[in-house]
Amino acid sequence: MSVPDTMDAQVPTGSAVQRPSTWVCGPVWDGVWMLNALWLVPIALWLAHGYSNPESGPLDAFYFGLTALFWIGHRLSSSWLAYCTEAYRPLLRSQPVRFVLLPLLVTVACFGVFLPADDALPWSRWQRFIGMAILDYALVTYHFAAQHYGALSLYRTRAERSRCPRTRRHDRIFALGVGGALVFLADILAGAVAYPDLWINRWLVPAWIASNQGAIREAATLVLLVVTALMLFAEARAPRRSLPRVLYILGLAAMVGIALQPRSLFLFLVIWTAQHWILATGLASQVPSGEPAPSGGAVRRVLHALNVRPWAVLLVLVASSVLLLPLFEVEASRDGGTFYGDRIFGAVAEQLRSTTWVPALIALGFATGFVHYLLDRCVFRMSDPRVRAAARGLVDPPRPDQRPMRC
């Protein structure tokens, strides 16, 4: 129990002031949701072992389950927090441009790009799709790196070091450099960048990169090891060490280390995307748990009854993910990849990819993705005190009898 947040709180003489836990919701919950890379990596490596193409083995079934349960649910999680919780309702009123107008404009723009016929605009639908896919790749690469920074920031706050500029700077460099730049480099080496011939190969020298892949991977791996060691050394010297931060740093380094090895691209895809989805879904289930009761409205009362129960929010997001899977695969698997929705919905999912609604479904897929990137930044913008108040289930407010720890 934390000390009551009142200025006249009485602390018994000689008693030790109890500090908040460095975990978000405890070691077990954090281990499942926040630090999921620690179990995803060994499971994925085990399932891929012995297969020259892991996509044809049990790893594919594992990824199918994770995709069905968490992919779309994580994409809708920030919209749920913004529009379906009492916690964020004051922000909708005070920041309508950020929470309402910009998402609406993004959605309209996506439909405006894909609904017109091929000859209605200077570019065909396929050309528009390629342009949007490249933009989406750039945004999602930054989005993943930003989530890593957010997770480290959350643990930094739990360790009472939120006001330490040096730690904050180190977290940003590690998240954006390792979780962003090195992963982008790994994608270039593996040819996993969206339509590289149209932009990457025009900037770089693909023949030189191909002939020097080994040296580039070794140099990048050395950078990863050095930066990770520096982060761990800084954590060891911190005034209040945080085991969750150490574990998150190690998990992120392990994932990027796999990306930099000339192994199956599918193996890294499973680990990298599933880690992101699971973390986002877990956080979304906890954020509104301490929200105030609504003043009225039957729908708001029902939503509140769900929001104060993390398992209920989790169930809603997972159910949404499963039910909407075939709709969003129309956009996501446009390049001829595996359609997991077919395994659940059969012919219904197949027919969706050949209906006249395909342009609208593609627009819906891009719109929800772009809105998710935008709203994720809004609902977890902890530099705003109103956002911290809405997400107080994740961020412990400073107590009046505590002074911020020095770096």
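User: What makes L325 in α14 count as the site of a kink?
Analyst: A kink of about 60° lies at L325, shortly before the proline P326. The bend at a residue is the angle between axes fitted to the seven residues ending there and the seven starting there. Helices here are DSSP runs (H or I, at least four residues; strands are E, at least two), numbered from the N terminus. This is a predicted model, where local features need pLDDT of at least 70 and side-chain atom pairs count only at pLDDT 80 or more, while totals for chains, interfaces and linings use all residues. Residues are numbered from 1 along each chain as its sequence is written, and side-chain values use heavy atoms, with hydrogens and water left out.

User: What does the same test give for helix α3?
Analyst: Helix α3 covers residues 58–83, 26 residues in all, so it should span 38 Å. Its end C-alpha atoms are 38 Å apart, which agrees. α3 still bends by about 40° at T67.

User: Why is α3 called mostly covered?
Analyst: Of its 26 residues, 19 are buried. Buried means under 20% relative accessible area, exposed over 50%, and partly exposed in between (1.4 Å probe, protein chains only). In α14, the buried residues include L325, P326 and F328.

User: Why is T228 called buried?
Analyst: Its relative accessibility is 8%, so T228 counts as buried. T228 is found in helix α10 (residues 213–236). Neighbours within four places in sequence aside, T228 is in contact (heavy atoms within 4.5 Å) with F174, I249 and A253.

User: Is G251 buried or exposed, and how do you know?
Analyst: G251 is buried, because its relative accessible area is 3%. G251 sits in helix α11 (residues 243–259). Its contacts, with neighbours within four places left aside, are A37 and L38. G251 and L35 are 216 residues apart in sequence, yet 7.1 Å apart in space, C-alpha to C-alpha.

User: What makes phi of E160 and Y195 worth a look?
Analyst: Both values are positive in a residue other than glycine: near 60° for E160, near 45° for Y195. E160 lies in the loop between α6 (125–158) and α7 (165–190). Y195 is in the loop between α7 and α8 (200–203). At 16% relative accessible area, E160 is buried. At 25%, Y195 is partly exposed.

User: What makes a set of residues a nonpolar core, and which members of the largest one touch the most others?
Analyst: A nonpolar core is a set of buried Ala, Val, Leu, Ile, Met, Phe, Trp, Tyr and Cys residues joined through side-chain atoms within 4.5 Å. The largest has 77 residues, and M34, L59, Y88, F99, V256 and W272 touch the most other members. Helix α12 (residues 265–286) gives the most to this core, with 12 residues. A second, separate core of 15 residues includes F114, M132, V358 and L361.

User: How many helices and strands are there, and why is the chain called as compact as a globular protein of that length?
Analyst: There are 18 helices and 0 strands.

Definitions and conventions: Expected span 1.5 Å × (residues − 1).
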